[in-house]
Amino acid sequence: MSIQVFGLPVSRGVAIGRAVLVASSRVDVAHYFIDPADVDHEVSRLRDARNEVAAELVTLKSEVPEEAHAELVALLDVHLMLLHDELLADATKQWIAERHYNAEWAMSAQLEVLARQFDEMEDDYLRERKADIEQVVERVLKALSRQATPSEPGAPGAARDFAGEDPLILVANDIAPADMLQFKRSVFTGFVTDVGGRTSHTAIVARSMDIPAVVGAREASRIVRQDDWIVVDGDAGVIIVNPSPIVLEEYRFRQRQIELERAKLNRLRHTPSVTLDGQAVDLLANIELPSDAAAAIDAGAVGVGLFRSEFLFMNREGQLPDENEQFEAYRAVVLALGGLPVTIRTVDIGADKPLERMSNHELRHEHTLNPALGLRAIRWSLAEPEMFGQQLRAILRASAFGKVRVLVPMVAHLTEVHQIRQALDRAKEELRDKGQPYTEVELGAMIEIPAAALMVSSLLRHFDFVSIGTNDLIQYTLAIDRADEAVSHLYDPWHPAVLRLIEQTIATANAMGRGVSVCGEMAGDPSFTELLLAMGLRSFSMHPAQIASIKQRVLRADARALHGQVGAVLSAEAPEEACASLMKARPH
Ligand code: PEP
Ligand code: MG
């Protein structure tokens, strides 16, 4: 029977495919398709790993001291039995043989199936056996990871040629932004989580992958079963589990239409972005990793407006990138952009992007009650002066290879401004002492705290430009956790208080002749394009995939004519409706 699950739309489009349930704790399991010719090899990898675990368990059993409880021996016997149980062993082989999953993926896929069956058991004793099967699978996964795996393509979830396989959709309870990163360029064509808000960083990474995604779908990972066919409607924020043939046909039709639409928009890639009244508008890219730079260029971005450098600090197994490694990463982006400006944001660690425990640094980053209000972003950098210095030197060194701008997240105090300037001067001095080249870089502040928006004229006496981070500006203005789906209905970019802060920031920066852009998700949302243009914004930074549709709106807008409507929208009780009726873009 077909079931609908509702969540929050995050990334547009429609995905149709088989569900792959991934436990949050197992996102690092490699997910890739094997060559059908390698099925026997993969099955033998699995068999070897199982034999290794069996030997391990038998040895453990023999080493249990006499006086130890018979219980422990009995437990090891249960594990041995589970290891060879056909529900695990044969079914796992089937995932390999029929679906061409790699052994690790097959094993964890079957674990998800079994875990669900255990969860549904009436008997407490049997239900608790789920932990045993998880431990057995954990051992097999470890044994597999010790094997040489010539066919493995590298990163977990890394892409392979999977033409001919059924499309796959990742379904999970929750995935941290850092883990999400591992699924970039992976086998998945859609993405669903139970938790998360529309502008949580997990959602942002999903959007940057340009695959249909729904978050905050509360029950999804419980309702969807491993291998179910599902439809992800990323426009409506709905998941349809086991769709009927008619529904499926309808969605396949929509998929084709979206494809056509995209192909049409793609033709705008190299069209200059100019309004009807001749105003040039810069459309820049937001990127998370150096490898995203290619997508930025492909999409016709005229630069990188936001490089979220903190993603370089994630998935590092306890080692932070040193100055040289950071320099290489920044230089790679600068070179890829071939002279176009690259705005590198200093790390925005904290809140929903915590650093894992590092072994090479004693970091002041412990769990706090209110991480979004705690030692986050520039506060963290200023509390870690050595790390901050390293990052500034790395960015400055990259500036010798192209046009680089430095952007500082979450500025709110003038004292911070002075500390930032001092740190930058110190970094320059250190480079000069070592004879390392750099060029002068512009320094910008993110406006993402209401206090910063209200004092933007003071900030602009010290900064060269500002970039409005609407994701956080909304969160901090409305006191709504951007990652909490329970309050996501109150996370409202159309709230008049938010719009006024944005309008004031743009107007002040323009009046002072300083650069201002928006790099939060609003910049890539076509429903805001006319309003932002009307407010005087001429620089938008967004995921590369959104550039074409924003450009289409820009090309059809008359910015000067729209300007006169801003007051009416800001004072309207329902700004969204007012904007829709007052700011209609003219058809081309
Ligand atoms: C923002 O807050 O709008 C922003 C662009 O930064 P991030 O989403 O990384 O917090
Ligand atoms: Mg932010």
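This is a predicted model: local features need pLDDT of at least 70, side-chain atom pairs count only at pLDDT 80 or more; totals for chains, interfaces and linings use all residues.
Local features need pLDDT of at least 70 and side-chain atom pairs count only at pLDDT 80 or more, while totals for chains, interfaces and linings use all residues. Residues are numbered from 1 along each chain as its sequence is written, chains are lettered from A and ligands numbered from 1 in the order in which they are written, and side-chain values use heavy atoms, with hydrogens and water left out.

The magnesium ion (ligand 2) has Glu448 (OE) and Asp472 (OD) as its protein donors, at 2.0 to 2.2 Å. Donors are N, O and S atoms within 2.8 Å of the metal (3.2 Å for Na, K and Ca); water is not among the atoms, so sites may look incomplete. The pair links distant parts of the chain, 24 residues apart. Glu448 lies in the loop between strand 13 (442-447) and helix 15 (450-454). Asp472 belongs to helix 17 (residues 470-478). Helices (H or I, at least four residues) and strands (E, at least two) are DSSP runs, numbered from the N terminus. Glu448 is buried at 2% relative accessibility, and Asp472 is buried at 2%. Buried means under 20% relative accessible area (1.4 Å probe, protein chains only).

Zero disulfides were found in the whole structure. A disulfide is a pair of cysteine sulfur atoms within 2.5 Å. Cys519 is buried at 1%. Cys579 is buried at 4%.

Val342 sits in strand 11 (residues 342-345). Its relative accessible area is 0%, so Val342 is buried. Leaving aside residues up to four places away in sequence, Val342 touches Val304, Val333, Val334, Leu337, Lys403, Val404 and Arg405. Contact means heavy atoms within 4.5 Å. Ser273 is 69 residues from Val342 in sequence and 19 Å away in space, C-alpha to C-alpha.

Notes. Buried means under 20% relative accessible area, exposed over 50%, partly exposed in between (1.4 Å probe, protein chains only).
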